[in-house]
Each structure stands twice: as C-alpha cells, then as structure tokens.
Amino acid sequence: MPTTLEVKTPRLVTALPGPKAQQVIAADAKFMSPSLTREYPLVAEKGHGAIVEDIDGNSFLDFAAGIAVCSTGHCHPKVVEAIQKQAAELIHISGTDFYHHHLPQLAEKLVATLPGKEAKKVFFGNSGTEAVEGAIKLARYHTKRDKLIAFYGCFHGRTLGSLSLTASKNTQRKGFGALLGGVEHIPFPYAYRCPHGHTAETCGTETLELLEQQMFKRLFAPEEIAAIIIEPIQGEGGFIPAPAFFLQELQRICNRHGIMLIVDEVQSGVGRTGKWWAYEHAGIEPDIVCIAKGIASGMPLSAFVAKESVMTWKKGSHGTTYGGNPVCIASAMATLDLIENGYMENARKMGDYIFARIGDWPKRFKIVGDVRGKGLMIGIEIVRDQKTKEKAADLRDAVISKAFHKGLLTLSSGENSIRMSPPLLIDEEQADFAIRTIEECLRETEKTV
Ligand SMILES: Cc1ncc(COP(=O)(O)O)c(C=O)c1O
C-alpha cells in the first residue's frame, strides 16, 4: 500500500470517522475546551506535501492547509531539516533580553519582501492576534491617539484588543463583556452584496464617503484616530477582496490625517495571492503590516513590520518571551526561501488555472452565488437562490461535509462561503481533483434544494 509520502490524491480505507478516529474524538470531548469549532471529524496523524493522513490510514487532499498556515505543504523536507538542525543547537533564548543572529537575519529578509521606499523595522510574536495587538499598541503609541476604525466582516484575532476590531461573527464577541473603547466599524466593500450595485472594481465608494463625511464629522475627529485596520482580502469573513481603488483611497485618507494604515496580512500574506502581500496588488505602502500563518509553515511565529519612522517606541514599551524563537525563525527562513524560489509563482499560476475552471460555476450551479479571491485564496459563496441571494449556510456545510467524505479538506468562511486555501505547492492533478470533487458535491447538494 502506498504511504502518505507517495500519494498525490486521496485514498480512503475506512468509513469516516474510522474506529481510531472515533476514540480520539471521544477523548477530546471529555478533556478539550468545548469552544473549539471542528467542521468535520478529521483526526490528523501525518502530513506530507498537500496530503494529510488520518489516524486510521485514510489520506486526504488538503485544501485547508491548517487555516492557510502550511504554505510549503506539510513537513517539507527543507523546513523539517531547518527545524531539526536548529532544535539541536538552540531552542530558546528570549529576544527581549538577548540578541541572537536569527532575529535580524529574518527581519532583514522579511523587510526585503515589502515594497516601498521607507526603511522598516520588525517585531516578532507567536500568533496572528499578537501581531494585531502589537500593531494597535504601536499605532496608539506613535500617534498619541487612541481611536481605531475597523471593518464589518473582518477578523483580526480573539484576544481582547484584537477582538475589539474583529466583527466577523457575534459568537466570537458575545459573552465577553466590554471590549476596547473608541473602536468603530464601517462596511467592508463586498461587491457581491453591494447595496449600491457597484462592481468588484468600484464597490466601496459610499463607505469612503461615510468615513469622511459622517464619521470624521460626527463621531471621531480624524486627528483623534490612531489607525484604520483592514484585511486586503477578508479571510474568515468569506474570502472577499477589497478593490484596489478602495485600498488606495484609504491610504490617501490616512496620509492626509496622519492616521496609521494597518494592513492585516495574517491570512492573505506570504505569497498566497501570487505576490508576497495581497496589498501589493493595489500598489499601496501601509504604515504597519501584520503577518503570521504562512510565514513559518506551521511553527508559531508572527510579526508586525512598521515604517522606521513609525516604530519609534522606547525600550521596554513592548516585549515578548517567546516571539522570534530560534526554531520558529529557522522554519521561517526555510519557508521564505521556498516561497521565493517557486511557490509564490506556483500560487499565481495554479490560482489562474483554478479560477479559469471555476469562474463559470455561478452559471453552472444554481447554488453558487459568487466565486472570488486571488491566487490560492479561493472563496465560493453558496446561496439558496441566485436571484434573492439568500445565504445558505446549511447547503455550504453539506458541500464541505460531502467533500470530506470524498477525501478533500476545505473550510467554511463567512456565513455561507467555502474557502479553499491549499498549500502553495499543489499541481494541476491536485487542482483537478479538488475542482472535480467540489463539482460533484455541488451537484449532489443542489438536488436537495
Ligand atoms: C486576518 C487574520 N488576522 C488575525 C488572525 C488571528 O490569528 P491567530 O489565530 O494566529 O491569533 C487571523 C486568524 O485566522 C486572521 O485570519
């Protein structure tokens, strides 16, 4: 029987979940926090490339990549080698207290990926939410202002500062009491549901007007606003790209008023859209960029990168025990090499390939309302009726569950979308399998409507 290392497409050998998986799920229910939202009963055991093997020996094609984290696939040999070598030399020494050569080495490499004339500096953390927390603090510190503006539908994390910006699902905020004061949300340019009938290129004009004509005049004077934070492509919110003009205008507004533009690239960054950073498609230069997920192929590492003129805080004003851990940095160095030397270009190429094949799904499947995204950030919005655009979370969930039972891992996103965010190394055979499988699931699901 071929091993996980040898297969490129799924092979199912038991009913799902298999007998060993069922035992793990029972133990998990007994001991693990019930707040975790498992979409379907996958009990992962091994991974290689774009394949995940479960505890019963079933292998799956992974178009979820651990929520867009495993950018170089599972256990890439170069990443594994870098981690193993570093683990044998030095596992930890806090970068807050001492120097180690990995820190400036990765910072320099990371800064080189960000376009723009101004020099930049980096702070390393462990998770996306920490990058956002740090960015909030830096923006407040630098501007000496405290107000923040974020967007409906965006997700920036679950710790109390970042949660104050998150406005994705109310279950993520409900029950936790008062969050940060001085935070307001405005509509994200969501072209498929644009109330003003705009296209994907022009949606958002009215939001910019709202910002300048209503918010700045009636709620927050612009000179009180520390930062506006946006995901260039909403991740948890449904894989919704912001139009280029919108990001450019936002940048102009921020520049005019000395407001920091924070771009959250936690999900969309590190080559996934065919460029290092999704905001590059709009040609802007944010003041602060938040990075995590794909940067270290699964090792916990995040960063926020700011213009040198912005990262002006004093010694002791921000720190971390683990952030920039040597093993995570070694993994990131290997990851960035792989992204730079082929995987980013592959993400662009395979993204074009997939979008060319699925762009007509709204014409071919009556439950597909919209197909959108960039590169290997692919969103499919499921509706009950294309005319009314009624959101169909139940049908979306059915498609995802059927796909799992056919050996394809995907995730939900937003209220009623499917997201596909595979590792950046997938090939045409794997893309074809994923497309064919989702088409079968759509066909089976629409028969139930
Ligand atoms: C855009 C964005 N920002 C921040 C976060 C939070 O990252 P973490 O879960 O690593 O804290 C996420 C997580 O999905 C995200 O998608």
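A pocket, as the word is used here, is an open set of grid points with protein on both sides within 12 Å along at least five of seven lines. In this predicted model, the second largest pocket has a volume of about 870 Å³. Of the 23 residues that line this pocket, G95, T96, V122, F123 and H318 are the closest to its centre. The lining draws at least two residues from each of α4 (102-113) and β4 (120-125), and β4 gives the largest share, with 4 residues.

The largest nonpolar core has 97 residues, among which L110, F124 and W361 touch the most other members. Helix α9 (residues 326-358) supplies the largest share of this core, 15 residues. A second, separate core of 25 residues includes L138, L148, L165 and C290. Residues up to four places away in sequence aside, the partners that F124 touches include L103, L106, A107 and L110, as well as L301, T320 and I329.

The last stop is I55, which sits in the loop between β2 (51-54) and β3 (59-62). Is I55 buried or partly exposed? Buried would require under 20% relative accessible area, and because I55 has a value of 22%, it counts as partly exposed. Beyond its neighbours within four places in sequence, I55 is in contact with K20, A21, V24, V43 and E45. The C-alpha atoms of I55 and Q22 are separated by 9.8 Å, although the two residues are 33 residues apart along the chain.

Technical notes:
Residues numbered from 1 in each chain as written. Predicted model: local features only at pLDDT ≥ 70, side-chain atom pairs only at ≥ 80, totals over all residues. Heavy atoms only, no water. Buried < 20%, exposed > 50% of the residue type's maximum accessible area, 1.4 Å probe, protein only. Contact = heavy atoms within 4.5 Å. 1 Å grid on protein atoms, 1.4 Å probe; cavity = no way out; pocket = protein on both sides within 12 Å on 5 of 7 lines; lining within 4 Å. Points joined across faces, edges and corners; volume = space filled by probe spheres on them. Core = buried A, V, L, I, M, F, W, Y, C linked by side-chain atoms within 4.5 Å.
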